[in-house]
Amino acid sequence: MTTMTERSEQGVLESAGGSRAGNRALSVTDHIREAILGGMVGAGERLNEVRLSRTLAVSRTPVRAALQALAGEGLLDYAPNRGFSVREFPLDAIVDAYDIRASLEGLAARFAAERGLSPDEKAVVERSLADGDKLLERGAFEAGDRTIYRGINGDFHDTLLAAARNRMLSEMIRMCHHVPVSSSRNIVAFNHRDVRRRHDDHHRIYDAIMAREPWRAEMLMREHVSGVKASLVKSLTEGRDQEPFE
């Protein structure tokens, strides 16, 4: 009979591309994060440090560091004598966080359009757009693509937030990210069609900001975050997307 711990280990192994050593381009933290966000390791399931080190063919030290890092991100809970388990978030808390993010990030986009991007910020956003175009041009995702898109998406949103030049706004958005599933750095719903639509949103938002159209930039960002919320709710309520590795 397969135990919950064994299922957890199998999920992490599958996120590594089915190979014991896994995809060396991904860190141990990335492998475990992908398994959690992809639904291969369910809420409440325990992650055993010794077994994970054997599954991923690494020492216990990077596994321990990975579990501690993911606990710091809020994806795992830690209990003495029980170790680490996947944290569960009520759907209504996730939805509320996205609704608040939509309003706050819309305001950030408006401020960015009013105040303009620095040359460095412009370069980061344009690189994220180009990298996203390249990732999506294949028409299907492969193992490790979620981690790549995680960086692309995070760079876009983080840079526009920095361009808003408002510390209070940044702190309020960080509070939303305390619900990890709502963070722009954690990609849960990873369906190619939806990601294509989200990335096209990024292009439109950037165009509005560069055209110095603050109200249009705000509206587009609000719609963008709300669209991500809709994809996430569908993914959580109807089952995870089943593209190649998810």
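User: In this predicted model, which exposed residues does the face of helix 6 turned away from its buried side carry?

Analyst: The model is a predicted one, and helix 6 has a buried side as well as a face turned away from that side. Exposed here means over 50% relative accessible area, and the residues of this kind on the face turned away are Pro 119, Asp 120 and Lys 134.

User: Which residues of helix 6 are buried, and why can they be said to line one face of the helix?

Analyst: The buried residues of helix 6 are Glu 121, Val 125, Ser 128, Leu 129, Gly 132, Leu 135 and Leu 136. An α-helix has 3.6 residues a turn, so residues three or four places apart point the same way. Seen down the axis of helix 6, the buried residues line one face because they fall within an arc of 130°.

User: Which helices do the buried residues of helix 6 pack against?

Analyst: Packing is judged here from contacts, meaning heavy atoms within 4.5 Å. On that basis the partners of the buried residues of helix 6 are helix 7 (145-163) and helix 9 (192-210).

User: How far apart are the end C-alpha atoms of helix 6, and what span should its 18 residues have?

Analyst: Helix 6 covers residues 119-136, and at 1.5 Å a residue its 18 residues should span 26 Å. The separation of its end C-alpha atoms agrees with that expectation, since these atoms too are 26 Å apart.

User: In what order do the three strands form the open sheet, and which are the edge strands?

Analyst: The three strands are arranged in the order 1-3-2, with antiparallel pairing. Strand 2 pairs with strand 3 (residues 83-86) over four bridges, and Asp 77 stands opposite Ser 85 in strand 3. Each edge strand pairs on one side only, and these are strand 1 (46-47) and strand 2 (76-79).

User: What percentage of the residues in the protein chain is buried?

Analyst: The protein chain contains 10 helices and three strands, and it exposes about 11700 Å², of which carbon and sulfur atoms supply 50%. Of the 246 residues in the chain, the buried share is 50%.

Methods
Residues numbered from 1 in each chain as written. Predicted model: local features only at pLDDT ≥ 70, side-chain atom pairs only at ≥ 80, totals over all residues. Heavy atoms only, no water. Helix = DSSP H or I, 4+ residues; strand = E, 2+ residues; numbered from the N terminus. Expected span 1.5 Å × (residues − 1). Buried < 20%, exposed > 50% of the residue type's maximum accessible area, 1.4 Å probe, protein only. Arc of directions from axis to C-beta. Pairing = 2+ DSSP bridges. Areas by Shrake-Rupley, 256 points an atom, 1.4 Å probe, with all protein chains shown as cover.
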